[in-house]
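Welcome! Here is a short tour for anyone meeting this structure for the first time. Take a look, then follow the topics below.

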Amino acid sequence: MKNTSLLIASSLLAALFHFSMPNIAKGQSSLDVTLEGDGVVSAPTESIASLVMHNLADRPISGSLTYQLQRNSMFDIPAQPDPIFGFDHGVKAQSRVVIDGEDRGNALMVGSSPYVSFRSGWREHKEAVVTVKLDQKRRIKKLRWRSGDANWIWQVDVSARVNGEDFRPIAQLQNFDLHRKWGTNDFPINNEFDASELRFRFHRNGEFMNVVDLPSEIQIYDGIQNDTIVKPTVGPEMFRGELNFNIPASGKQDLSIAAPAKIPAGSYLLTWQVDGEIAQWAPLFVKPGPPPIKSTVRHLGINSSSVDLIPLMAECGFGSVRFENGKWQMSSDARGRYDFSGGVGPWHVNQDAIYRRYAKADMQVFPYVFQTPEWATSAPESVQKNRAGYPPKNRSDYREAIFQFVARFGSKHHPADVLKTKDQQSGLDLINAIELWNEPNLVGPSWAPFVGSIEEYFLLMREGVEGARAADPDLLVTSCGWAGVAAETVQQMSTYRYPDGKTPLDLVDVINVHLYSGRQEPEFAREDPNARHGIADENFPTLMQQVDELIRWRDELKPTAQIWVTETGNDVGGPIGLSERKQAAKLPRTILLLRARGVDKVFLYRESGSKASQHAGAGLVRDEGTLRPSWFTVATATRQLSGVTGKARRLPHPNPNVWLYQWSTATKTLTVAWALGEPVTIDLRELINLDQSRVIDAFGHPMTVERDIQLSEFPIYVTRPVN
């Protein structure tokens, strides 16, 4: 069985909620048991779930269904067996990859980490051959794959052998196309076959692959007949019960599961079983109560592009938004012509309406303006890719673009003769800051946000600053969002000098950086995979130590400047991602670590997205609109951090894997605790007076603690009012 801490991916999660259960053991006709909805209910509630039972037989079926709800504070989700094909035996297998004859070690396609995928370096490769050794000879009835990054996987030839015999091709799996097939998919197997070893040859029909990106998981099934399925135990039982059913032939019956008392916010596991047959289970979440008042959480933001998700982001508790589509090319299609109401194709982004929607939700808006329009780009005619990444031929065009943008959406009114929109509106007061370009320190002409030197960027940035100041002197102006927090990158803002002696740091109100820890823990990460800094030296400072250095540098040279981390997040799957469980644990800890150090604002990247490619899998909401576990842990963090400002004090503990931070405000003391590695039990009384204290877990569930509490990678929050 897979490690119980692994979350089923969204495609398998859907399978949990629609689980066909043949009654094999007793020979009964099949029942199809469906858990209605997406496993999310409002809090507090007595109505937990509804099971829909479909009788697929031509005769009536009657019996009883038992159920149990357990608290699941550490979000342990045991692997759900396929109802017909049983458990995935890939978790007990081993895999190796050979690329163009070179052994590259573990292919990461089997085992207990289905979200981790193998990626080679960026150069031309002809083929990659992966060998998967099973724990024993098995009769293969089903093979599934989960994409790593489906943009970079092409064709595969699958072969099998038994006990050292020659590999034999699986007829229907030759030159099988995996390209751009996201999520979890079935290989088409028409006939069962024996195998103790499988071979997967990845290729591109004779063309070179410029990177080898392998599936993150191969699932291998041989049927349910040899499997023992045990109902999981993950935490304290909330309640249990039994329901009877009597379903006519080809009919259905709804079974409502109600709690004896209202169930508070939190993470739960619902298990159910029909007449002693195969146990089934699925995660359930009860939403937290009302979100905090937005004015108390301005320091917590989300990168956003879809107004359809405003209700979910507002409910999660964000007070600010970094808007992704304030792009220059989306508002101007010719020199001297601007349109912010959706008139510029092919995007037709109506920024007027979008910013009003955010304002109605009381979420402050912070757009960033980059991507040069075709009419202004300096890209040579021969350049076909990323023409918008090149700076404008005339830097003054960017100054004018920022002036027009801020004149419209800032707080100051302007005469009609300086406005270049048809309606000549200004002073709409719909934005609260503006960011000048994005990640100019990344290098790559075919994809980088800025194709040019840092010196060229600083010259362009000054034009933008002056355009913004001319339009609204009171509006906060930030630098670009720098990729990474390394001193050698950000501190260029104080060493570069313009002809008048000023530095870029002199010109801005906010120092703006991005920070990603990838597959590492944020507490100890040294490499930012987004900034492409490959740091292996253990003496190199951690990302958090780099943040500390950034703050010291700011305090010395410009203590009035704010520091915003406008992108931080964690992918699920793909080249730098892990599991949904890991994302749920890491996001609140990253927020807490940065806020504890004194970072003024933290923006998560991003609101939605679940494709397993870099940053596209970082959403709090999946592509199909369902909530990831991270939505709930972040919602808990926003509520706990409401009104909490300034740095925190790190409390000492003899175990270096225990992390304890404490904030004190005029109304409350907030103590946050978690532990990395194995769970650690601590005596809470040594940290805080538990009288009148409220303790909740990472998913918002209230906990009764008299003394000892077990810490995990999911933070707990202890709040005590100030008398």
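The expected span is 1.5 Å times one less than the number of residues in the helix. Helices (H or I, at least four residues) and strands (E, at least two) are DSSP runs, numbered from the N terminus. Please keep in mind that this is a predicted model, in which local features need pLDDT of at least 70 and side-chain atom pairs count only at pLDDT 80 or more, while totals for chains, interfaces and linings use all residues. Residues are numbered from 1 along each chain as its sequence is written, and side-chain values use heavy atoms, with hydrogens and water left out.

- Helix 4 is largely enclosed by the rest of the structure, because 11 of its 15 residues are buried; buried means under 20% relative accessible area, exposed over 50%, and partly exposed in between (1.4 Å probe, protein chains only).
- Among the buried residues of helix 4 are Asp-397, Tyr-398, Phe-403 and Arg-408.
- The cover over these buried residues includes helix 3 (351-360), strand 22, strand 23 (433-436) and helix 5 (454-471), with contact meaning heavy atoms within 4.5 Å.

**Helix 10**

- The 18 residues of helix 10 (residues 580-597) should span 26 Å at 1.5 Å a residue, and this agrees with the 26 Å between its end C-alpha atoms.
- Helix 10 is mostly covered, with 17 of its 18 residues buried.
- Just after helix 10 comes Gly-598, which takes a positive phi of about 105°.

**Salt bridges**

- Side chains of opposite charge can pair when their charged atoms come close.
- A salt bridge here is a side-chain nitrogen of Lys or Arg within 4 Å of a carboxyl oxygen of Asp or Glu, and the count comes to 49 salt bridges.
- One of them joins Arg-138 and Asp-222, at 2.7 Å from N to O. Arg-138 lies in strand 8 (residues 128-140) and Asp-222 in the loop between strand 15 (217-221) and strand 16 (237-247), so the pair ties together parts that are 84 residues apart in sequence. Both Arg-138 and Asp-222 are buried.
- Arg-597 and Asp-548 also meet in a salt bridge, at 3.0 Å from N to O. Arg-597 belongs to helix 10 and Asp-548 to helix 9 (residues 543-557), so this pair links parts 49 residues apart in sequence. Arg-597 is buried, with a relative accessible area of 15%, whereas Asp-548 is partly exposed at 23%.
- A network of salt bridges links Asp-76, Glu-521, Glu-523, Arg-581, Lys-582, Arg-589 and Glu-713.

**The largest pocket**

- About 1,400 Å³ of space lies in the largest pocket; a volume is the space filled by probe spheres set on grid points, which are joined across faces, edges and corners.
- A pocket is an open set of points on a 1 Å grid over the protein atoms alone, where a 1.4 Å probe fits, with protein on both sides within 12 Å along at least five of seven lines; lining residues have an atom within 4 Å of a point.
- The largest pocket is lined by 40 residues, of which Trp-447, Asn-530, Arg-532, Gln-614 and His-615 lie nearest its centre.

**A buried threonine**

- Thr-271 sits in strand 18 (residues 266-274) and counts as buried at 0% relative accessibility.
- Leaving out residues up to four places away in sequence, Thr-271 touches Thr-66, Tyr-67, Gln-68, Gln-70, Lys-231, Pro-232, Gln-280 and Trp-281.
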